[in-house]
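Reader: Please show me the structure, and then let me ask how its terms are applied.

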Amino acid sequence: MSQLRLLPSRLGTQASRLLAPHGVQTFSWCSRSSGPPASFASSRVGGGSSYMEEMYFAWLENPQSVHKIRGHHVAQLDPLGILDADLDSFVPSDLITTIDKLAFYDLREADLDKEFQLPTTTFIGGSENTLSLREIIRRLESTYCQHIGLEFMFINDVEQCQWVRQKFETPGVMQFSSEEKRTLLARLVRSMRFEDFLARKWSSEKRFGLEGCEVMIPALKTIIDKSSAMGIENVILGMPHRGRLNVLANVIRKDLEQIFCQFDPKLEAADEGSGDVKYHLGMYHERINRVTNRNITLSLVANPSHLEAVDPVVQGKTKAEQFYRGDAQGKKVMSILVHGDAAFAGQGVVYETFHLSDLPSYTTNGTVHVVVNNQIGFTTDPRMARSSPYPTDVARVVNAPIFHVNADDPEAVIYVCSVAAEWRNTFNKDVVVDLVCYRRRGHNEMDEPMFTQPLMYKQIHTQAPVLKKYADRLIAEGTVTLQEFEEEIAKYDRICEEAYGRSKDKKILHIKHWLDSPWPGFFNMDGEPKSMTCPATGVPEDTLTHIGEVASSVPLEDFKIHVGLSRILRGRADMIRKRTVDWALAEYMAFGSLLKEGIHVRLSGQDVERGTFSHRHHVLHDQDIDRRTCVPMNHLWPDQAPYTVCNSSLSEYGVLGFELGYAMASPNALVLWEAQFGDFHNTAQCIIDQFISTGQAKWVRHNGIVLLLPHGMEGMGPEHSSARPERFLQMSNDDSDAYPAFTQDFEVRQLYDCNWIVVNCSTPASFFHVLRRQILLPFRKPLIIFTPKSLLRHPEAKSSFDQMVSGTSFQRVIPEDGAAAQAPEQVRRLIFCTGKVFYDLVKERSSQGLDERVAITRLEQISPFPFDLIKREAETYPGAELVWCQEEHKNMGYYDYISPRFTTVLGRARPIWYVGRDPAAAPATGNRNTHLVSLKKFLDTAFNLQAFEGKTF
């Protein structure tokens, strides 16, 4: 007997609203579990008793049972037939599984043949208006309890629920033509025989094969085909390592010989850097879609082993591609994300990424998520890996429909994927396809799964492959012959063998052939910069003045701003008249001048529109009209590039990954992510470690992402002080022991050779120049900027227009320019420092009257280390002691990075003494007095000219 508890699963809570216009009499009640009244059309045939309503009232007697009335819970989803796809295996006592249970609802067997009027909220009748209760149950079971399990009733939109119902309830919707079946079979052949070929040729190699879910290849191709037919031109994919080589071969269409040669241990790398394992690499390919005969661009984004880390990166890249195409509705560019079941449930970045899906500045207008549900995570049983019934339950938070499907039913999979693609195109919302499958081998080909899942793998060892099952079915029904099937297999086997033969001729591996985001025209044909020079980063004074005037005004009429903001704007106008800028104005001028030059600027992060420290105010809010805003930066010039500034969700991992992906799409954009406080970047450490620091070395992928990290020891406590500069410097790849050759292009060449640039600017002008240099360089590198907090309003932290006009540039090192520089031979001590501590040092030096005896030099760029300029400064003061002074603790900050490099550039002839706070576990104190005492202590040491007498270095 079928599961009668399916009936409520297809009823919306607002069914009465849908039925009322059609004059259908309804019975209403209030359910304690579902909230608003639900209703069902009254029976117009079958006597005076309304059996359908009676069953509903009986169900409502037990709200807990009603909550669980969903067909997907009892659908036949597990191809192995040994597990429940969900973790809730309880069958309620009121579930009618046998005829004798009809009495629970005061029904008899004879009642099953009575006819009932079908409500307008269901589509099971097709062209029929009435059906017997027996037939109603049979059709509902066919829809909801077979190889497809649907979760959509939590969606609070009646139109969307009805759309899903129609796609699955309408009789005959899953009918495939002979040609469609043959195409599906051919795709399954390619998917399975590719894995078989790799297994035969490299039986002892890890490849993370797709065996047990071979249907994923035709599934992805169906999503792409359907999307292409609806106008999609660019599909960006992200996925873990399982099945990646198969996707590269049979979805992206990477040349097979380039995949096979990756297994050759003698293959030499042609590109600099570490490279990466073959099942992490990405790919970009433009081709004709054979089904639609339309152009399609496919990009598979390279990713690390950190599962799900690539999700926000894909979304950011997708958003950028949509932006550059003017595709505001996502009708030309879309993303597909492939997940594993354990990671989808276990990794928090999945949740973070879902919560970006409907935010105005982050939405990609819907993503198709495909979960390869192995029903196991490495060796961990699902019951130990998640608390939710399904691994996909996280998607419910954004009202994404979830389609569970038995992966051993290829036609069901293909139909579900087609509906998923159509949903995304229709509603511009996320959708999840849960491919309930199995993993024929262990976590990798070298792993033994019988250690931990013996019963599961006994069943898997006896399980016929999906290709055999489907081929036998098509042969039995006469769609293909056995000979045609065998010829299809032989044809693909020949393709693989021929490619294998060609792969033996390849001796050199070119990682750049696996690039997922090429920038046509930016580099030369060999992928190298077109020059090794950087023009001056200053701009004409009239440009600075114009930007300043806009920054200190409200471009819209009748726009009432806050009185406190009026004071800020007047202060800006006053600075412009005096030809000076503070930090906020310097940033404004850097952004505005790039916009004038056609460079798109995007600033993202928590509270960036106003700025954490209320200094930026790039979005003005009308004090009288709700949601009326003004972005003056977009009112600079009629033909300027657009400026995007957007407060993000309270996420670091997901949002930084998103902005990294956004920056991948084009080199002609300045993309910045600002942390609310610098130390909060550590919740995005995975993106920093796996993508930003190492991305070029692993994947030959340039990226110009800028990280703005507020940093400074100001007595604010351990969590609002340090941006952890030591971590970024420890990951910098310049060699501390290698004495460089100071060639004419040394400055730019050094930037090109590094993995990222780390700066701590001490002046607004430096900040202005380093932002502009980021775009004017002939290549792209990540830029890490430790930005100030108290310096934002420090009266001395201002710069003149003279330091920013045409002909000026970023100074990697700012030398002493006061009294000490006039008589360098009399200087007893040369202090090197970076950032805010400079102002503390200058103030203390003045108070002690040591302006002529102590010189202070600032490192604006810390990494790559300015060997040439440090050497010049040290030689300028030959009789001076050299001191490094920092406000951070000794085991943090910069000292461990700069010390060996000073030693190298000085030929070990002169020591570089440390002055700063003592080593500590926490980055800063939360006690104001302790902070001031430690500050005074190291400042006293910095200007005690006898502090290091008699000490050995």
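Author: The questions below take up the terms one by one.
This is a predicted model, in which local features need pLDDT of at least 70, side-chain atom pairs count only at pLDDT 80 or more, and totals for chains, interfaces and linings use all residues. Residues are numbered from 1 along each chain as its sequence is written, and side-chain values use heavy atoms, with hydrogens and water left out.

Reader: What makes β12 and β13 a pair?
Author: Two strands pair if DSSP finds at least two bridges between them. Strand β12 (residues 402-406) and strand β13 (residues 431-436) have five bridges, in the parallel sense, so they pair. Asn406 stands opposite Val436 in β13. A strand here is a DSSP run of E of at least two residues, and a helix a run of H or I of at least four, both numbered from the N terminus.

Reader: Why are β5 and β8 said to stand at the edges?
Author: The open sheet has eight strands in the order β5-β12-β13-β11-β10-β6-β9-β8, with mixed pairing. β5 (148-151) and β8 (283-289) each have a single partner strand, so one side of each is left without a neighbour in the sheet.

Reader: What angle does helix α14 make with β12?
Author: Helix α14 (residues 410-427) runs at about 165° to β12. Axes are lines fitted to C-alpha atoms, for helices over the stretch in contact (heavy atoms within 4.5 Å), and angles run from 0 to 180 degrees between N-to-C directions.

Reader: How many of the residues count as buried?
Author: Of the 953 residues of the chain, 60% do. Buried means under 20% relative accessible area, exposed over 50%, and partly exposed in between (1.4 Å probe, protein chains only).
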